[in-house]
Amino acid sequence: MDHSGHGMTTDLPPFTLGRGLEFSPDLFFLIGCLAALGLYGWGVARLRRRGDAWPVGRTAAFAVGVLTVALVMCTKLNDYGMVMFSVHMVQHMVISMLSPILLLLGAPVTLALRALPVAGRGSLGPRELLLKLLHSRYMRVITHPAFTISLFIASLYALYFSPLFDFLMGSKAGHIGMMVHFLMVGLVFFWPIMGVDPGPHRPGYVMRMLELFAGMPFHAFFGIAMMMATEPLVEAYKNPPASLGIDALADQNAAGGIAWAFSEIPSVLVLIALVYQWYRSEQRQAVRKDRAADRDGDKELEAYNAYLASLRSR
């Protein structure tokens, strides 16, 4: 297959979904996806051998999350994404806003902390190094809302509206680095909001929702800006190969529509997850209160009744 000097595929036939989903692996992401599934499976198997349970839903969420990464990086969607802005935007939205949510719902950090063996006294093993990282100043900084929201927004505007995007698209390594960046930004942004794995910042449920909605509108604004543009804004997609039979501006408008519409999907998924977590948390708190009341004869209720009696006597 012929490639231009900028790493662009130049002889692709017109895009169809069937052609886009054909297997065309990127070796870096293929190895990464297989390694992620293998390590996660090892962790689950280790817990099972020990007699500990691990929720099937978490395993399924993580596996689907890895498969979404493979879907956009190990098929011809990745080839078409080099020459079609709209397909690239599908890749970007999936790998930065859908895959991270599914991966985080799998609670990989919690699984690692439970599955990794404890090192001997005075020594540092993988589990101890992970704990040290979780409690580090570095982790407190990169999971702080001021940093995560700013990074989430900058990854759109500073990348696409500057020469940096064209520079990264000019080489295979640059393109891989950009996609890894999108995935990591999504993980860092959604990690404190999801609140499944332990981390330095664990705000309340209302604050998590506010953090979510603080970032999402900027995706919509970005999409609208793309849709309203009267000329191609990104140099890498100004001259699509003739074999595709597409217009650069129409393709850019489609990319903007994808960015605008996709911003609603993670919002719904995260809100569902947060409401469910909130509900479970309230249930657990109610159970704890009931148990405490059984142990102490409901002294809290007795104290409250005594307080009401004292008010009446006054």
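Visitor: Among contacts in the protein between residues at least 6 apart in sequence, what percentage join residues at least 24 apart?
Guide: The model is predicted, and in it 76% of the contacts between residues at least 6 apart join residues at least 24 apart.

Visitor: How many helices and how many strands does the secondary structure come to?
Guide: There are 15 helices and zero strands. Of the 314 residues in the protein, 42% are buried. The protein exposes about 16400 Å², with carbon and sulfur atoms supplying 67% of that area.

Visitor: What is the average pLDDT of the protein?
Guide: pLDDT is the predictor's confidence in each residue, from 0 to 100. Here the average is 85, and 86% of the residues score at least 70. Over residues 1–8 the pLDDT stays under 50; for that stretch the model has 22 contacts beyond four places in sequence.

Visitor: How should I read the length of a helix, and what does helix 11 reach from its first C-alpha to its last?
Guide: The span is set against an expected value at 1.5 Å a residue. Helix 11 covers residues 172–194, which is 23 residues, and it reaches 32 Å, close to the expected 33 Å. Just after helix 11 comes G195, with a positive phi of about 65°.

Visitor: Is helix 11 mostly covered or mostly uncovered?
Guide: Mostly covered: 17 of the 23 residues in helix 11 are buried.

Visitor: Where is there a positive phi in a residue other than glycine?
Guide: A107 has one, with phi near 50°. A107 sits in the loop between helix 5 (85–105) and helix 6 (108–115).

Visitor: Why does A107 count as buried?
Guide: The test is a relative accessible area under 20%. A107 has 0% relative accessibility, so it counts as buried.

Visitor: Now the surface. Which residues make the nonpolar patch?
Guide: The patch is made by F218, F221, I224, M227, M228 and W260, and its area is about 610 Å². Helix 12, residues 205–228, gives the most to it, with five residues. W260 lies in helix 13, residues 248–262. W260 counts as partly exposed because its relative accessibility is 43%.

Visitor: Which other residues of helix 12 are worth a look?
Guide: A225 lies in helix 12 and counts as partly exposed, at 33% relative accessibility. A225 and G256 are 31 residues apart in sequence, while their C-alpha atoms are 7.2 Å apart in space. The other example, E211, also lies in helix 12.

Visitor: Is E211 buried or exposed?
Guide: E211 is buried, because its relative accessibility is 6%. Leaving aside residues up to four places away in sequence, E211 touches P145, I149, F189, P192, I193 and P203.

Visitor: How do I read salt bridges, and how many are there?
Guide: Side chains of opposite charge can pair when their charged atoms come close. The cut-off is a side-chain nitrogen of Lys or Arg within 4 Å of a carboxyl oxygen of Asp or Glu. By this rule the count comes to four salt bridges.

Visitor: Which residue forms a salt bridge with D52?
Guide: R50 does, and the closest N and O atoms are 2.9 Å apart. R50 is partly exposed, at 43% relative accessibility, and D52 is partly exposed, with a relative accessible area of 27%.

Visitor: What is the N to O distance where the side chains of E235 and K238 meet?
Guide: The distance in that salt bridge is 3.3 Å. E235 has a relative accessible area of 47% and so is partly exposed. K238, at 34% relative accessibility, counts as partly exposed.

Conventions: Residues are numbered from 1 along each chain as its sequence is written. This is a predicted model: local features need pLDDT of at least 70, side-chain atom pairs count only at pLDDT 80 or more; totals for chains, interfaces and linings use all residues. Side-chain values use heavy atoms; hydrogens and water are left out. Helices (H or I, at least four residues) and strands (E, at least two) are DSSP runs, numbered from the N terminus. Buried means under 20% relative accessible area, exposed over 50%, partly exposed in between (1.4 Å probe, protein chains only). Contact means heavy atoms within 4.5 Å. Accessible areas come from the Shrake-Rupley method with a 1.4 Å probe; for residues, only the protein chains shown count as cover. Patches are made of residues with over 30% relative accessible area and no salt bridge: like charges are joined within 9 Å, nonpolar side chains (Val, Leu, Ile, Met, Phe, Trp, Tyr) within 5 Å. The expected span of a helix is 1.5 Å times one less than its number of residues.
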